[in-house]
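Thanks for making the time this morning.

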Amino acid sequence: MPFSPFDRDRLDDKRPRFRLIPVRMLLPNLITLLALCAGITAIRLAVEGKLEWAVAAIVFAAALDGIDGRLARMLKGTSRFGAELDSLADFVNFGVAPALMLYFWGLRELGDLGWIAGLVFAISTGLRLARFNVMVDDPNKPAWAAKFFTGVPAPAGAIIVLLPIYLSFLGVPRLPGTAHFTLVYTFAIAVLMVSRLPVFSGKRVGKRVAPEMVLPVLVMVVPFGYLSYRQHERRDAASAAASSAPAGAYPRSGGEAPPLSPGHGEQPADRDRPTRH
C-alpha cells in the first residue's frame, strides 16, 4: 500500500483550505452590505410609520453607494462579486424600499392601482440596473459615453421619486388629489429610469452641492446631459460620414493635395478610455 488509510498526514491534505480574502476587497463589500442594511431598515421604518427616519436611511444608503465603488477603485479591489452585490443592494435600496415607502405613505389609498405603481417603479429599477450591467462591458461604446448614464440612475431616481414625502415634511397639506398625483409622478420617474435619456454622470466632478440646491442641480443636469450627449452624437456622425466619403469627393483647387488619412503622416486624435463603474 502506498499509504495507510489511517495516515493522519494524508487526511489533513484532503481537508478544504480556505483562502484569506484581502482587506482591499473585503472593505468595499462591507460598505455595500451596510448600505443594504440601511435599505432594509428603511422598509421596516416605513411600515412602522416613521417616514422621517426611513427617508434618512435611504439617503444614507445612497451616500454609501457612492463610496463603495470609489473605494474599490482606489484600493484596486474591484471584483465581479462586488459588482453583482452592489446591483442587488441597489435594487433593494432604491427600488423596493422607495416603492414600499410611497405605498404606505399615500398610494395605498388607491388600492390595487397604488400597489401596481409601486411594482412598476421597483421593476423599472431592476431593469435599469440590469441594462447598466450589460452596457458597461460594451466594446463598441465610444469613449465619451462613459461620461453619461442611460436613463436616470437608480439612487437619483429613488431620491427624486420621494418628492411627495418631502413636501409633506415641509407642511404642504394633503389635498384630495395628492394620491393621484403621486401615482402619476411615480409612473413618470419609472419611465425616466428605463428610458434612453442621457444623463450626465458627474463622476469626474468633485464638487459638493448644498442640500437646498440638490433638486435644482438635478434638474439642470438632465438638460445639460441631454444636449451634451446629442452634440457628441452629431460629431461622431460627421466623422463617420467624412471617413466613408469617396476619395474623389475632396475638392481640389490648383495643386492642392487631398488631406492625408491617419497612418500617412497624420495621427488621429487620442480619445480617453472609458472608465468602469
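**A helix pair and the nonpolar core**

Let me begin with serine 124, which lies in helix H5, and please bear in mind throughout that what we are looking at is a predicted model. Serine 124 has a relative accessible area of 8%, and because that is under the 20% cut-off we count this residue as buried. Setting aside its neighbours within four places in sequence, serine 124 is in contact with Ala190 and Val194.

Now to the packing of that helix. The axes of H5, residues 112-135, and H6, residues 154-161, come within 10 Å and cross at roughly 160°, and since angles over 145 degrees count as roughly antiparallel, that is how we describe H5 and H6 relative to each other. The crossing in which H5 passes H6 is right-handed. On the H5 side the contact is made by Phe121, Thr125, Arg128 and Leu129, and on the H6 side by Ala154, Gly157, Ala158 and Val161. By class, the residues of this contact comprise 5 nonpolar, 2 polar and 1 charged.

Finally, the core. The largest nonpolar core has 46 residues, and those with the most contacts inside it are Met101, Phe121, Leu162, Ile165 and Ile189. Two or more residues each are given to this core by H2, H3, H4, H5, H6 and H8, with H3 contributing the largest share, 9 residues.

What does isoleucine 189 touch, if we do not count residues up to four places away in sequence? Isoleucine 189 touches Phe121, Gly157, Ile160 and Val161.

Note on methods
Residues are numbered from 1 along each chain as its sequence is written. This is a predicted model: local features need pLDDT of at least 70, side-chain atom pairs count only at pLDDT 80 or more; totals for chains, interfaces and linings use all residues. Side-chain values use heavy atoms; hydrogens and water are left out. Axes are lines fitted to C-alpha atoms, for helices over the stretch in contact, and angles run from 0 to 180 degrees between N-to-C directions. Helices (H or I, at least four residues) and strands (E, at least two) are DSSP runs, numbered from the N terminus. Angles under 35 degrees count as roughly parallel, over 145 as roughly antiparallel, 65 to 115 as roughly perpendicular and the rest as oblique. A crossing is left-handed if the near helix is turned anticlockwise from the far one by less than a right angle, and right-handed if clockwise. Contact means heavy atoms within 4.5 Å. Ala, Val, Leu, Ile, Met, Phe, Trp, Tyr, Cys and Pro count as nonpolar, Asp, Glu, Lys and Arg as charged, and the others, Gly among them, as polar. Buried means under 20% relative accessible area, exposed over 50%, partly exposed in between (1.4 Å probe, protein chains only). A nonpolar core is a set of buried Ala, Val, Leu, Ile, Met, Phe, Trp, Tyr and Cys residues joined through side-chain atoms within 4.5 Å.
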